[in-house]
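Please look over the structure shown here before reading on.

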Amino acid sequence: MALTLIRHTQPAVKPGICYGRTDLALAHTFAEEADAVLAKLEPAEALVSSPLGRCRALAERIGFAFHLQPAYDRRLQEMDFGAWEGQDWNDIPRTELDAWAADFLHARPHGGESVHAFVARVHEVLAELRQVGISCLVVTHAGVIKASTVAKSAEFSAFQTSVEYGGVLRI
């Protein structure tokens, strides 16, 4: 049994914007990007996705290609950045960013979700998907993919890595 985590394609948002759970339109390159994602995938028995539009569109495209009906799970959404949502990272007050960096796991200067709570949520949903015992395609976000690689008590250096749009990770 394998889970294949798939990051959504490029959203229509300018670089440098913190958008976490913000529901965004997709870039005009969606069709080409979606085709590139499909070329990387192997058939699976199930398909589950974040309900946000940028994942939903790709899940529907994958579902059509593999004859699967997508299921949607809110726990596969990106981290909730609270008041930072929609802001340019450069415009977020330095004191708030410093507070987050000082306690990366637990601080919530944005009023949203802590990294610790986010990772716990991701681990919970992925554990449930593994227990089903079938191969599953999971359309989600970069943060969820990064959180999937982190042991609950581990160093959180995984959050410094990059996950490309349309990237695929088999776990």
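What follows is a set of questions and answers on this model.

Q: What kind of model is this, and what pLDDT do local features need?
A: Residues are numbered from 1 along each chain as its sequence is written, and side-chain values use heavy atoms, with hydrogens and water left out. This is a predicted model in which totals for chains, interfaces and linings use all residues, side-chain atom pairs count only at pLDDT 80 or more, and local features need pLDDT of at least 70.

Q: In what order do the five strands of the open sheet lie?
A: Strands (E, at least two residues) and helices (H or I, at least four residues) are DSSP runs, numbered from the N terminus, and two strands pair if DSSP finds at least two bridges between them. The edge strands, each pairing on one side only, are β3 (71–72) and β5 (168–170). The pairing in this open sheet is mixed, and the order of the five strands is β3-β2-β4-β1-β5.

Q: In which sense does β1 pair with β5, parallel or antiparallel?
A: On its pairing with β4 (residues 136–140), β1 (residues 3–7) runs in the parallel sense over five bridges; there Leu 3 has Cys 136 as its bridge partner, Ile 6 stands opposite Val 139, and Arg 7 is partnered by Thr 140. In β5, the bridge partner of Ile 6 is Val 168. The pairing of β1 and β5, over three bridges, is antiparallel.

Q: Why is β1 described as largely enclosed by the rest of the structure?
A: In a regular strand the side chains alternate between the two faces of the sheet. In β1, Leu 3, Leu 5 and Arg 7 lie on one side, Thr 4 and Ile 6 on the other, and both faces are covered. Buried means under 20% relative accessible area, exposed over 50% and partly exposed in between, with a 1.4 Å probe and protein chains only. The strand is largely enclosed because the number of its five residues that are buried is five.

Q: Which residues of β4 are buried on the side other than that of Cys 136, Val 138 and Thr 140?
A: Five of the five residues of β4 are buried, so this strand is largely enclosed by the rest of the structure. Both of its faces are covered, with Cys 136, Val 138 and Thr 140 on one side, and on the other Leu 137 and Val 139.

Q: At about what angle to β1 does α4 run?
A: Axes are lines fitted to C-alpha atoms, for helices over the stretch in contact, and angles run from 0 to 180 degrees between N-to-C directions; contact means heavy atoms within 4.5 Å. The helix α4 lies across β1, β2 (46–49) and β4, and its angle to β1 is about 140 degrees.

Q: What is the relative accessible area of Trp 100?
A: Trp 100 is found in helix α3 (residues 94–102). Trp 100 is buried, with a relative accessible area of 12%.

Q: Is His 67 buried or exposed?
A: His 67 lies in the loop between α2 (53–66) and β3. Its phi is near 55 degrees, a positive value in a residue other than glycine. With a relative accessible area of 73%, His 67 is exposed.

Q: Which helix supplies the largest share of the lining of the largest pocket?
A: The lining comprises 35 residues, and those nearest the centre of the pocket are Glu 78, Phe 81, Trp 89, Lys 146 and Phe 159. By class, the lining divides into 19 nonpolar (Ala, Val, Leu, Ile, Met, Phe, Trp, Tyr, Cys and Pro), six charged (Asp, Glu, Lys and Arg) and 10 polar (the others, Gly among them). At least two lining residues come from each of α4 (115–132) and α5 (142–148). The largest share, three residues, comes from α5.

Q: About how much space lies in the largest pocket?
A: On a 1 Å grid over the protein atoms alone, a pocket is an open set of points where a 1.4 Å probe fits, with protein on both sides within 12 Å along at least five of seven lines, and lining residues have an atom within 4 Å of a point. Grid points are joined across faces, edges and corners, and a volume is the space filled by probe spheres set on the points. The space in the largest pocket is about 720 Å³.
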